[in-house]
Amino acid sequence: MDSLMFLGFSLNAWITIVTVLSMFSILLFTKLRSDLVFLGAIGVLFVTGVLDAKEAFSGFSSTSVVVIGVLFVVVAGLTHTGVLQWIVKHLLGQPGTYSKAVTRLMLPVAVLSSFLSNTTVVALFVNIVRMWARKLGVSPSKLLIPLSYASGMGGVCTLIGTPPNLIISGLYEDKMGEAMNVLATTLPGLFCLVVGVLSVIAMRRLLPDRTAPEAAFESTGEYTVELLVPSDNPNIGRTVGELHLNSVRGGSLVELLHFDNEKVMSPVSDDEPLMGGDRLVYSGQIDELLELKKNYGFVSADHHVFLFSEVADLHHQLRTAYVCFGSSLIGTTMRENHFEHKHNLTLVAVSRRGNRIEEPPRDVVLQAGDTLLLEMANVKTSMRDLSSDLHFFDSAVVPNIGSGTLVSTVIMVAMVALSALGVMPLLQCAFIAAAAMLVFRCCSVDQAMRAINWNILMVFAGSVVLGLAIQKTGIAERLAFGILDVCGSNPLVVMTAICFVGTFITEFISNTAAGAMFFPIMYEAAETLGYEPYPFLIALMVSVSSSFATPIGSPTHMLVYGPGGYRFSDFMRIGLLMNLIILAANILIVNIVYPLTPLQ
């Protein structure tokens, strides 16, 4: 079957091409989970005979994928001992100018992202930067894009800093039989980082000046109104749903206290009857909520306006969060999606790009990046369960800084040093570091297991398998020859062309998938030209992690999109230029540090 050819590609190659294009289209235009999409792609390649069983599931035993899984445990130890918090506390300071602020922010973030998950680093820094920006008198939107950029550029500086580096280096080791040094990308990465910091400072006028989304809640979100139902009220006997009390203008019903002291906490059911002597507690826009007295014949309770903390207890708290890209909430309203009842929370208010939306919160059609003010029960559990739909600005868990902070830091430094000096391979170092984190109680076994993101590991494993299929079916070789036909035999031109395409492809797909897809193409092109693939692959590592122009180009962009109050176009204004600047810096420095060497 594989001998059948059409337009130069075999049938198996066409199956692979259609599978890859379909997969990317599904990831772009649907809300399906990425791990299921990658698993489906593996299934198609296996069932159609493109890959045999060993090849189809080789990603799950790939050294690079195993390393990523083990590193989740190491990061858990660093997170729960407060290493990141200590660094943040002592590094940001009080700079006098915007240029100094950007430098003080981007350099520490880049260093941390060289050894830790850049998503973890940005998630920690988002709240810190928002408060820091307020102290400096700067809009958070001027600092949150540089924060995300720094994490991406810092991740490139080591093989363990970003997944594409691990995937590409793992594939290189499989091909060549020798491992890359964990610091192989350090010099190119640092050069690109310095260029990136200077570029952000030079182009700071292109960064938007947006109102912080949570500012819309500051004057209203912390207060509640308590109203009493008189015994002669004509609405007695009717339900909350009939009276539309759950969707009033300017706020949400937080609590219903019946006359017999039976308390009904949010979300209050639409079937709950209203009785004389009942008390209704609302949270939101005070002046508009007080209009309920006139419209429904209610009266003020004894303490009709008070701080929310007087109503909320340890189990009911206000939290601000934004709607993630790919969230199941996008395009729906809280009234129709049953999200509140499913997760035992109440939507109090919605802000979009810093402006409070005044229509009833449960009637707002939600968009990616919308900021939500939520009243929640069981905060710790809920925040973890909702992570695929919402990202919370605050965290209920604050680690203690103590002796464990020093221990986890020593473990991390030792892991990197042993690998960099070639004492033992990275995989063994990672296993020892993970075990040490558990032995010295930097994190518990439960915390370590919860830290492992199995969805991400599935994506990484699927990316390795896709790269194998692209190579096995001859697609990589054909594309490499096609690029050579267009670009000629100049290795610099070929390297630049592939890195250029890789940089812009990764704006729309996972950088891990882009790395796995472009590895065989870059490898084949280098060998066809008669050069060692090593410098070509170093350049590829930098390029597939250089996505600056769209908020969907990196998970860290998604983390800052809502808190910064950004629009989609905000990233393009500065990001397109950043893509080109870092591409040029990448090609220049790689060819200085790793001169092109003909194959022996």
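Visitor: Which residues of α23 are buried?
Guide: This is a predicted model. Here, buried means under 20% relative accessible area. In α23, the buried residues are Tyr534, Pro535, Phe536, Leu537, Ile538, Ala539, Leu540, Met541, Val542, Ser543 and Val544.

Visitor: Why is helix α23 described as enclosed?
Guide: Helix α23 spans residues 534-544. The rest of the structure largely encloses this helix, because the buried count is 11 of the 11 residues.

Visitor: What covers the buried residues of α23?
Guide: Cover is judged by contact, that is, heavy atoms within 4.5 Å. The cover of α23 includes α9 (163-176), α10 (186-202), α21 (491-505), α22 (511-529) and α25 (568-593).

Visitor: Are α4 and α19 roughly parallel or roughly antiparallel?
Guide: The axes of α4 (residues 63-80) and α19 (residues 454-472) come within 9 Å. They cross at roughly 165 degrees. Angles over 145 count as roughly antiparallel. Therefore α4 runs relative to α19 roughly antiparallel.

Visitor: How many charged residues does the contact of α4 with α19 have?
Guide: Helix α4 contributes Ser64, Val65, Ile68, Gly69 and Phe72. Helix α19 brings Ile456, Leu457, Phe460, Ala461 and Val464. By class, 8 are nonpolar and 2 polar. As for charged residues, there are none: "no charged residues".

Visitor: What percentage of the residues in the protein chain is buried?
Guide: The protein chain has 25 helices and 12 strands. Its residues number 600. The buried share is 55%.

How values were computed
Residues are numbered from 1 along each chain as its sequence is written. This is a predicted model: local features need pLDDT of at least 70, side-chain atom pairs count only at pLDDT 80 or more; totals for chains, interfaces and linings use all residues. Side-chain values use heavy atoms; hydrogens and water are left out. Helices (H or I, at least four residues) and strands (E, at least two) are DSSP runs, numbered from the N terminus. Buried means under 20% relative accessible area, exposed over 50%, partly exposed in between (1.4 Å probe, protein chains only). Axes are lines fitted to C-alpha atoms, for helices over the stretch in contact, and angles run from 0 to 180 degrees between N-to-C directions. Angles under 35 degrees count as roughly parallel, over 145 as roughly antiparallel, 65 to 115 as roughly perpendicular and the rest as oblique. Ala, Val, Leu, Ile, Met, Phe, Trp, Tyr, Cys and Pro count as nonpolar, Asp, Glu, Lys and Arg as charged, and the others, Gly among them, as polar.
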